[in-house]
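Student: Could you walk me through this protein model? I'd like to go slowly and ask questions as we look at it.

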Amino acid sequence: MQTNQYDLIIIGGGPAGTPVAMEYAKLNPEKKIALLDALGELGGECLFDGCIPSKIMQVSAKSIDNIARLEEFGIELEDKHYKLAWEKIVQRKEFILSKRSNTAKDVLATLTNVQLIKARARFLNEKSIEITKEDDTTEILVFDKCVIGVGSKAHKIHFEGNANDKILDNETFFDRMEFPKSLSIIGSGAIAVEFAQILATLGCKINLFSRSNTILKNIDAEASALILKTLQENKNINVILNAHIKKVMFENEFTIHYFKDGITQEISSQKVLSATGRVANIEHLALDKADVEVEKSAIVTDKHLQTSNKSIYANGDVVARFPKFAHTAQYGAHTIAQNLFLEHNLLSIDFDKNSWVLFSEPNVAMVGISEKEARKRGLEILVDKYEFAIDAKAQIEAHDSGFVKYVVDKDSKVILGITIVAYEANSIAGEAALIVANRLTLSNLISTIHPHPTLSESFSVLAKMMMGKIMQEKLKNPLVKTLLEIERFL
């Protein structure tokens with residue numbers, strides 16, 4: 001069996017692995033690097049089965065929504081009929097995915113010290129792996145350092161009944177890309193909500209199942225309630241709360257038997273999609289042979305993303321308690337690449353400045369820590385929000401539901417967390433990320449001159465509102481009043 005030696009081996013060609021290869025290769029052109037991917041493609045779950053294809057569908061759905069709202073803006077159509085050309089959406093998805101993956105490959109090809117290998121990998125010991133190629137030939141690769149970034153896959157729940165092998169997840173949905181006339185979605189998280197709203201707008205009848213009395217349990221409670229209300233108002237979405245799936249049967253169509261309100265009920269649909277979370281894709285890596293600690297089916301790392309084997313790092317969805325977002329994995333990739341280059345762990349990760357966007361309607365963007373998390377940590381905080389109902393830009397766009405909410409450290413006035421619920425929250429989420437990452441204060445935001453009318457001016461308006469309330473409270477103190485009078489006199 002052939003054996004090859006590498007300075008760095010990276011397992012996984014997605015956002016947790018590829019950026020490490022590219023950044024480290026540029027910093028160390030003399031180092032020999034292998035980038036392994038089972039499909040031989042670059043992009044990972046986000047590109048092929050997640051955030052990119054779902055947003056391609058969403059753009060088409062948004063176009064339909066814009067047509068429906070034209071009369072609000074003084075535009076009357078003589079013929080309001082349109083036809084969904086699903087096959088063109090599929091073609092557009094394939095074109096964009098291919099373009100992005102091929103561009104990444106072209107960039108990687110310019111790095112002569114990186115070899116992209118299409119192969120599956122498993123560890124043999126603490127310093128070597130065995131790879132199996134497409135033709136079933138095997139090789140042993142020995143490494144100085146290794147990075148595991150193989151991502152995650154859909155969490156599979158086994159239901160009673162005969163339909164388990166026919167139930168879709170996000171991966172099989174995008175692989176097949178068949179448009180269903182009706183779809184039952186099991187789950188109430190981000191993937192479930194995005195799929196429900198997008199496909200409902202495109203004309204699909206949706207049943208959305210949640211085990212609890214709400215949805216999106218991991219986000220701000222007010223944001224969750226607003227999105228739930230929006231879902232319930234959609235004529236194509238049937239939200240079923242407090243539902244426990246008992247059995248899923250298939251005979252020409254799917255029938256879901258579920259327990260709700262003390263009785264067993266049933267509902268049918270053409271397709272069923274399971275969106276009940278994700279699990280690390282590590283079961284075939286033989287991590288025990290590499291002395292890599294695993295906790296609850298995920299890899300344990302320190303704040304530098306180094307595992308219990310000091311020669312091995314892990315990044316992205318495979319890491320325990322790592323936020324499952326492509327952009328967070330890219331942030332982790334930079335941390336690892338720099339530490340490998342410096343040959344010691346200088347950089348560390350800080351998820352308290354993480355950001356993400358739920359592309360629901362309206363969008364939800366969250367940056368930093370939530371009010372719930374802050375109180376759980378025992379922090380002294382101030383919380384307030386700015387309602388878009390009074391916002392000029394939101395009124396002009398006729399999308400004035402939603403808000404911006406700050407979680408602020410009471411003493412320093414540093415903004416610890418921001419929640420945005422707005423039609424285009426994604427467009428201002430970047431500024432929110434800068435605010436939290438740079439630990440800006442309410443005063444910093446007040447001194448920022450935002451253009452008008454824009455959604456972004458809500459950041460400074462809310463800061464002024466909060467500082468105004470703080471000053472009003474301070475002025476109730478007689479000592480403060482006295483000091484103010486002295487200042488005026490001087």
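This is a predicted model: local features need pLDDT of at least 70, side-chain atom pairs count only at pLDDT 80 or more; totals for chains, interfaces and linings use all residues.

Student: Okay, what is the strand order in the open sheet of four strands?

Tutor: The order in that sheet is 9-8-7-13, and the pairing in this open sheet of four strands is parallel. Strand 9 (237–240) and strand 13 (271–274) stand at the edges, and because each has a single partner strand, one side of each is left without a neighbour in the sheet.

Student: What holds paired strands to each other in general?

Tutor: Strands of a sheet pair through backbone hydrogen bonds, and this can be done in a parallel or an antiparallel way.

Student: And how many bridges are there between strand 7 and strand 8?

Tutor: There are five bridges between strand 7 (residues 182–186) and strand 8 (residues 205–209), which pair in the parallel sense.

Student: Which residue in strand 21 does Lys-385 stand opposite?

Tutor: Lys-385 stands opposite Lys-405 in strand 21. Strand 20 and strand 21 (residues 403–409) are paired in the antiparallel sense over seven bridges.

Student: Switching to helices, at what angle do helix 1 and helix 8 pack?

Tutor: Helix 1 (residues 18–27) and helix 8 (residues 326–342) pack at an angle of about 30°, and their axes are 8 Å apart. Angles under 35 degrees count as roughly parallel, so helix 1 is described as roughly parallel to helix 8. The crossing of helix 1 past helix 8 is right-handed.

Student: What about helix 3 and helix 6, how do their axes cross?

Tutor: The axes of helix 3 and helix 6 cross at roughly 45° and come within 8 Å, and that angle makes helix 3 oblique to helix 6. Helix 3 passes helix 6 in a left-handed crossing.

Student: Let's look at the loops, then. Which residues does the cis peptide bond with omega about 0° join?

Tutor: That cis bond joins Glu-361 and Pro-362, and Pro-362 is found in the loop between strand 18 and strand 19 (363–368). The peptide bond from His-452 to Pro-453 is also cis, with omega near -5°, and Pro-453 is in the loop between helix 12 (442–446) and helix 13 (458–474).

Student: And where is Leu-305?

Tutor: Leu-305 is in the loop between strand 16 (298–299) and strand 17 (312–314). Although Leu-305 is not a glycine, it has a positive phi of about 70°.

Student: How many residues line the second largest pocket?

Tutor: The second largest pocket is lined by 39 residues, and those nearest its centre are Asp-65, Ala-68, Arg-69, Thr-201 and Asn-234. Its volume is about 1,100 Å³. By class, the lining of this pocket has 20 nonpolar, nine polar and ten charged residues.

Student: Which helix gives the most to that lining?

Tutor: Helix 3 gives the most to the lining of the second largest pocket, with seven residues. Helix 3 (51–68), helix 6 (190–201) and helix 7 (221–233) each supply at least two residues of that lining.

Student: Last topic: how many cavities of 30 Å³ or more are there?

Tutor: The count comes to two cavities of 30 Å³ or more. The largest cavity has a volume of about 40 Å³, and the residues lining it include Ala-154, Asp-169, Ser-274 and Arg-278. The lining of this largest cavity has three nonpolar, four polar and two charged residues.

Student: And which residues line the second largest cavity?

Tutor: Leu-168, Phe-173, Arg-176, Met-177, Glu-178 and Lys-271 line the second largest cavity, which has a volume of about 30 Å³. Its lining divides into three nonpolar, no polar and three charged residues.

Terms used. Residues are numbered from 1 along each chain as its sequence is written. Side-chain values use heavy atoms; hydrogens and water are left out. Two strands pair if DSSP finds at least two bridges between them. On a 1 Å grid over the protein atoms alone, a cavity is a set of points where a 1.4 Å probe fits but cannot get out, and a pocket is an open set with protein on both sides within 12 Å along at least five of seven lines; lining residues have an atom within 4 Å of a point. Grid points are joined across faces, edges and corners, and a volume is the space filled by probe spheres set on the points. Ala, Val, Leu, Ile, Met, Phe, Trp, Tyr, Cys and Pro count as nonpolar, Asp, Glu, Lys and Arg as charged, and the others, Gly among them, as polar. Axes are lines fitted to C-alpha atoms, for helices over the stretch in contact, and angles run from 0 to 180 degrees between N-to-C directions. Angles under 35 degrees count as roughly parallel, over 145 as roughly antiparallel, 65 to 115 as roughly perpendicular and the rest as oblique. A crossing is left-handed if the near helix is turned anticlockwise from the far one by less than a right angle, and right-handed if clockwise.
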